[in-house]
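The terms are given their cut-offs as they come up.

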Amino acid sequence: MTAATYQYVDLPDASVVTTRALLTARENISDTVAARAMMCIHGGAGFGKTLAVNTCLRALEPGEDVRKITFRARPTARAVRYELFTALDLAGEPPRHPSEFDRLLKTALAERPRTFLVDEAQWLNGEAFEYFRYLWDEPATQLAIIFVGGEGCHTVLRREPMLSSRIFIWQHFTRLTPSEVLEAIPLFHPIWADADPDDITFADSHAAHGNFRAWAQLTAHTRTALARTGRPRVDQELLRWAFSRLA
Ligand SMILES: Nc1ncnc2c1ncn2[C@@H]1O[C@H](COP(=O)(O)OP(=O)(O)OP(=O)(O)O)[C@@H](O)[C@H]1O
Ligand SMILES: [Mg+2]
């Protein structure tokens, strides 16, 4: 898989930048997986959680069996069972009865160690989180779970002491600081590689505010502006035009 897979839509030539948060995530994820434990990565929208986790999981041992589950609405325990059935590629029809379903999942999870990446975990309510805890607690399963979610994820998890007391590592993703922006952005995309650092700071303080997704959007618009004007390099006039699209 190329690094571009997790990039913001339609941004050719962008690279994954090894930020401090990404390095920390790499260490946290590998320790969590080694301990067959559970961890939680939480933080604001666009701060780079999904990209970091996917990049780090790809770098794990090749034999590691990683299954990704992404929620896009508030699931019931029943919906969680179905998602797991799909994520594990289990054959046949999903069982009708909850107890039969639980047995099937536990048997499948006892086959070999597995890692679940549960993204958009802010959608999970207590019941859904509890179901993951139930599978993780089962002695026969060797499950590592990485919950990734927006700011709300932390709040919801903290309300579930049964689960939150079992979380091995918590990692809070934050905005890039102004000095991190000056290090990371020139590596992110060629249009910033030779840009004036003052222009990068200008763009960050007016538009992107240390948010990686905003930087990706700004980069896409600035790229368009460079192509349309034929200018060789980013300047403040081009940036103002790009900001006008983000407002
Ligand atoms: N380390 C990085 N290197 C390069 N680009 C990055 C990096 N982190 C994030 N990005 C860019 O920012 C975009 C948003 O990041 P990502 O989807 O990981 O955010 P998120 O924290 O998961 O947000 P949400 O909470 O909305 O799911 C990515 O699609 C990518 O373009
Ligand atoms: Mg995400």
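Asp89 sits in the loop between helix H3 (77-87) and helix H4 (98-110). Helices here are DSSP runs of H or I with at least four residues, strands are runs of E with at least two, and both are numbered from the N terminus. Although Asp89 is not a glycine, its phi is positive, about 55 degrees. Asp89 is exposed, with 8 other C-beta atoms within 10 Å.

The model is predicted: local features need pLDDT of at least 70, side-chain atom pairs count only at pLDDT 80 or more, and totals for chains, interfaces and linings use all residues. Residues are numbered from 1 along each chain as its sequence is written, while chains are lettered from A and ligands numbered from 1 in the order in which they are written.

Glu120 also has a positive phi without being a glycine, in this case about 60 degrees. Glu120 is in the loop between S3 and helix H5 (126-137). Glu120 counts as partly exposed because it has 18 C-beta neighbours inside 10 Å. Thr70, a residue of strand S2, touches Glu120 and Asp119, leaving aside residues up to four places away in sequence. Contact means that the C-beta atoms of two residues, placed from the backbone, lie within 7 Å. Thr70 has 14 C-beta neighbours inside 10 Å and therefore counts as partly exposed. The C-alpha atoms of Thr70 and Ala121 are separated by 7.7 Å, with the two residues 51 apart along the chain.

Two strands pair if DSSP finds at least two bridges between them. Strands of a sheet pair through backbone hydrogen bonds, either parallel or antiparallel.

S2 and S3 run parallel and are joined by five bridges; Lys68 has Leu117 of S3 as its bridge partner. Five bridges also join S3 to S4, again in parallel, and here Leu117 has Ile146 of S4 as its partner. Strand S1 (residues 38-43) pairs with S5 in the parallel sense over six bridges, where Met38 stands opposite Ile167.

How much of S3 is buried? Six of the six residues of S3 are buried, so the strand is largely enclosed by the rest of the structure. Arg114, Phe116 and Val118 point one way from S3, while Thr115, Leu117 and Asp119 point the other way. In a regular strand the side chains alternate between the two faces of the sheet.

The domain assignment, which is automatic or from a database, gives domain 1 (14-173) and domain 2 (178-246). Their C-alpha centres lie 34 Å apart. Eight residues of domain 1 are in contact with ten residues of domain 2.

Helix H12 (residues 236-246) has Leu238, Leu239 and Ala242 among its buried residues. Seen down the axis of H12, the buried residues fall within an arc of 95 degrees, so they line one face of the helix; the arc is that of the directions from the helix axis to the C-beta atoms. Helix H10 (197-208) and helix H11 (212-229) are included in what covers them. The face of H12 turned away from its buried side carries the exposed residues Glu237 and Ser244.

Over the whole protein there are twelve helices and five strands, and buried residues make up 34% of the 247 residues.

Methods: A residue is buried if 20 or more other C-beta atoms lie within 10 Å of its own, exposed if 12 or fewer, and partly exposed in between; C-beta atoms are placed from the backbone.
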